[in-house]
Amino acid sequence: MKDMNSEGYTTADGRKIGGVLMEMKNITLRFGGVAAITDISFDIRDGEIRAIIGPNGAGKSSMLNVISGFYVPQEGEVWFKGYKRGPMKPYQVARLGIARTFQNIALFDGMSVLDNIMTGRLTLMKSGLLSQAMWWGGAQREETEHREKVEKIIDFLEIQSIRKTPVGRLPYGLKKRVELARALAAEPKLLLLDEPMAGMNVEEKEDMCRFILDVNDEFGTTIALIEHDMGVVMDLSDRVVVMDYGKKIGDGTPDEVRSNPDVINAYLGVSHD
Amino acid sequence: MSDQILFAMEVTLNGLMAGVMYSLVALGFVLIFKASGIFNYAQGVLALFAALTLVGFQNGQVPFAHLINAIFGTNLHHFGWHLPAVVAIILTAAVMVLLAMIVEKFVLQHLVNQAPIILFMATIGLAYFLEGLGDIMWGADIKKLDVGLPQGANEAFEAVTDSVFGFGLYIDNLDIVATVVAALLVLSLTLFSQYTKYGRALRAVADDHQAALSVGISLRFIWVLVWSIAGIVALVAGIMWGSKSGVQFSLSLIALKALPVLMLGGFTSIPGAIVGGLIIGMGEKLFEFFAGPLIGGATENWFAYVLALLFLVFRPQGLFGEKIIERV
């Protein structure tokens, strides 16, 4: 590992990565008697693109769900911005500045693209119930301000033409992009992407890669992503955690991970001789 | 103009007004269904409960008087005051909000992620629980509700129609008030759900729970909010029905008339609840007027359901319901 310490490090392409933003300490998650995650620790640093990879059923999605509060681990600690996070509901985690997308896309199908993205800003809207109900005071001005921010994200992700379309009518690739837009609208400190390229064709994958890099570059957003596709992950991420059967078998830069014998075994199988 | 046509006009008018009353109940159903996918069987009982509570507050009735007297051997009935209608209405609205919180805390919270049929069953239980609670709290007798709404024939309308047709048509002032109130309710609810952040959060929760959580929406808050709104809509319906025909336990059966209204208008459409109500109200009165004598009358009991059934066959999502888009 390059000059890696608590102060951060510099990536191969010259980006400065900061200190620890999120730290998972000895996380164990069980469903009944089945352990989905066993004693895993790793950190995510400010400004980096961190990937979690592993074969099917390795527990990657479970780990993402622990980070986003959908699952509460039986053992271990989650630290965010230097504070230990107690057991939290997913909506409380979202309000801390952790936004996410889903593997199977969870959008509001009946609502327009614009409205979907606007929901991303709900936690940032301050005016109260009464003001909203009466549509007086700050409510109207606030709506306009947030609309402007959302329009910028729409431009950024190049989805201007489908602004008013109900999400249910969009093809898969665009839905994935709208979901990313909604997560970005929350101006998250940490963005979690659950298989952002799953089911996409080559062209869509390239677009998604570009957007992920641009988001990281332009907004300085820290990104943690889960991916199946090794090639994509290696090109995209600064550091990679490798999981297999709920355990961590590798952690480091893409090059380090690629040459790790345990990782090679997990992906290619061990010869029994 | 022949008497027959004039009479038909009056029947139509009457039907429309009855329809407005159905719509008021149907609105509450739509709100909860939209936000949580639950068909709230207890909506009619909510209206009854609200009306009972309102009368109780107005007359200074002691809640649970019968129970208290039976246990402690006292003879309490009334506090001996009469609250002004406005104060009583505000207090009742607060009770409906409180009730929403209790329902969320003790029922809905424990049924998160259950199938809709389970939640439906829970609301049936809730309906009978509330009916019993209303009985124990306020007594089972029929009560008169008067919050100062105008009642009786509208003379201006009678005079105008008299000069035009040579026959004064009858319309009740209370029905006019109900129509205005229903229109205002629909307008404000539509604006609220389309243009405010809470409205957007409400629609988001209705669409996808997981996604709503991930953008920081608290499901519990939204459920309390939507049940509170439904409770207040029930209060409005309770006031109108109670003023018209007294507060009695058969009020909860009106809920069943809201069913065909919903099938017609669509379970997810607020304007649909109004238009559906008008069609059902007018349809059943006109059908009774024209076909009733031929087939022995009492058609009002079943006509609405048959009409709704026809709609289900040809347009399952109702007049205004969201067409189900399914990409394969």
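Asn26(A) is exposed, with 12 other C-beta atoms within 10 Å, where a residue counts as buried if 20 or more other C-beta atoms, placed from the backbone, lie within 10 Å of its own, as exposed if 12 or fewer do, and as partly exposed in between. The model is a predicted one, in which local features need pLDDT of at least 70 and side-chain atom pairs count only at pLDDT 80 or more, whereas totals for chains, interfaces and linings use all residues. Residues are numbered from 1 along each chain as its sequence is written, and chains are lettered from A in the order in which they are written.

Asn26(A) is placed in strand β3 of chain A, and its phi is near 50 degrees, a positive value in a residue other than glycine. Most residues other than glycine have a negative phi. A positive phi, near 45 degrees, is also found at Tyr245(A), which lies in the loop between β11 (239-244) and β12 (247-252) of chain A and is partly exposed, with 15 other C-beta atoms within 10 Å.

Strands and helices are DSSP runs numbered from the N terminus (E, at least two residues, for strands; H or I, at least four, for helices), and two strands pair if DSSP finds at least two bridges between them. In chain A, four strands form an open antiparallel sheet in the order β4-β3-β6-β7. Strands β4 (34-45) and β7 (83-85) of chain A stand at the edges with a single partner strand each, so one side of each is left without a neighbour in the sheet. Within this sheet, β3 (residues 20-31) and β6 (residues 75-80) of chain A pair in the antiparallel sense over five bridges, and Met22(A) stands opposite Phe80(A) in β6(A).

In chain B, helix α1 (residues 3-36) and helix α7 (residues 173-195) pack at an angle of about 40 degrees, with their axes 9 Å apart; axes are lines fitted to C-alpha atoms, for helices over the stretch in contact, and angles run from 0 to 180 degrees between N-to-C directions. Residues of α1(B), including Met17(B), Val20(B) and Leu24(B), meet residues of α7(B), among them Asp175(B), Ala178(B) and Leu185(B), two residues being in contact if their C-beta atoms, placed from the backbone, lie within 7 Å. Leaving aside neighbours within four places in sequence, Ile217(B) is in contact with residues that include Tyr91(A), Leu122(A), Ala201(B) and Ile222(B).
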